[in-house]
Amino acid sequence: MSLSLNQWTTRRWSVAEAVDGCARHGLEAIGLWREKVAETGLAESVKLVRAAGLRVSSLCRGGFLTAGGLPGEEGRTAFARALEENRRAIDEAAELEAACLVLVVGGLPGVKPGEELPGSGFTRDLAGARERVAEALAELAPYAGERGVRLALEPLHPIYCPDRAVLSTLGQALELCLPYPEERVGVVVDTFHVWWDPRLLADVARAGNRIASYQVCDYLHPLPADVLLGRGMMGDGVIGFGPITRAVLDAGYTGDIEVEIFNAEVWAADPDEVLATMKARYADVVLP
């Protein structure tokens, strides 16, 4: 395994700046975000990454597949739009030769990330929302397979179940993968989201070659008011990384370890200092 910078960790850097930063700090891989790729342009992003000799450890993100759970025509239209957007994401991942396309599957239909609950126009049907994810995967997996793209389902911490991901455990994500070849649909192990799960180590072992991405950051306590920004640099929170990393290794994972941090203080810091700290903490804290 080797260290990869997820671009959101140094959020203010463009693709060109992040690629240059990785090269200067001796990293071999980068995780890209679609928003940043769109700002730079897909063709130019591909050119920059290849010229620097970097691997794309992941492309973030596709998903948000649950809106089809809304009733009637609204749901049918939302589902069609979600599939169309995810096909575009798959095409981008293919061009970038990304190791996987991360899928954040979406929350309850009609609940928008980070916003107040609407007075109406949303559903509390959690089981139905999960069914919509399975339906969407059945549509997208063959498309991804034709383009050589691996889909990676990312379970998120239960605090994000209402608005971002109705998959909360690695076990849930694995169950959705089973109908598909492991090279076509896998899972993301993100320490922030799964560290708390009492079944984590057993499910990591069960995942085996289904592990498409291993992402690390710490879980801060207490969480900030905006819980989306509760990710910290490894060693600054409550997660014990050694057993998780060891389990991922023992499961057969040989890909990159990607540092993905959402944190206002980290974003405000000098990105080069962030990378230097990231490298030190990777060696001292993350590796078993």
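Reader: Why does F64 count as partly exposed?

Author: The relative accessible area decides: buried means under 20%, exposed over 50%, and partly exposed in between, with a 1.4 Å probe and protein chains only. F64 has 29% relative accessibility, so F64 counts as partly exposed. This is a predicted model, in which local features need pLDDT of at least 70 and side-chain atom pairs count only at pLDDT 80 or more, while totals for chains, interfaces and linings use all residues. Residues are numbered from 1 along each chain as its sequence is written, and side-chain values use heavy atoms, with hydrogens and water left out.

Reader: Where does F64 lie, and what is its phi?

Author: F64 lies in the loop between strand 3 and helix 4 (72-96). Helices (H or I, at least four residues) and strands (E, at least two) are DSSP runs, numbered from the N terminus. The phi of F64 is near 50°, a positive value in a residue other than glycine. Most residues other than glycine have a negative phi.

Reader: Why does E97 count as exposed?

Author: E97 has 57% relative accessibility, and therefore counts as exposed. E97 is found in the loop between helix 4 and strand 4 (101-104). Its phi is positive, about 55°, although E97 is not a glycine.

Reader: Which peptide bonds are cis?

Author: Among them are two bonds. The bond from C60 to R61 is cis, with omega near -15°, and R61 has its place in strand 3 (residues 55-63). The bond from H221 to P222 is also cis, with omega near 0°; P222 lies in the loop between strand 8 (218-219) and strand 9 (231-232). Most peptide bonds are trans.

Reader: Is R132 buried or exposed, and how does E135 count?

Author: R132 has 16% relative accessibility and therefore counts as buried. E135, with a relative accessible area of 38%, is partly exposed. Contact means heavy atoms within 4.5 Å. Not counting residues up to four places away in sequence, R132 touches L65, T66, G68, G69 and F79.

Reader: How many salt bridges does this rule give, and what do D272 and R24 link?

Author: The count comes to 21 salt bridges. One of them joins the side chains of D272 and R24, at 2.7 Å from N to O. This pair links distant parts of the chain, with D272 in helix 11 (residues 271-286) and R24 in helix 1 (residues 15-24), 248 residues apart. D272 has a relative accessible area of 24%, so D272 is partly exposed; R24, at 46% relative accessibility, likewise counts as partly exposed. A network of salt bridges links R34, E84, E85, R88 and E92.

Reader: Why is N263 called buried?

Author: The relative accessible area of N263 is 10%, so N263 is buried. N263 lies in the loop between strand 10 (257-259) and helix 10 (264-268). Its side chain reaches the backbone oxygen of R231 at 3.0 Å. Leaving aside its neighbours within four places in sequence, N263 is in contact with L220, L229, R231 and G232.

Reader: What makes a set of residues a nonpolar core?

Author: A nonpolar core is a set of buried Ala, Val, Leu, Ile, Met, Phe, Trp, Tyr and Cys residues joined through side-chain atoms within 4.5 Å. The largest has 81 residues, of which L32, L101, L153, I211 and M278 touch the most other members. Helix 5 gives the most to this core, with eight residues. A second, separate core of eleven residues includes C60, A212, L229 and F262.

Key
Polar contact = N/O pair within 3.5 Å; in protein donor to acceptor, adjacent residues only side chain to side chain. Salt bridge = Lys/Arg side-chain N within 4 Å of Asp/Glu carboxyl O.
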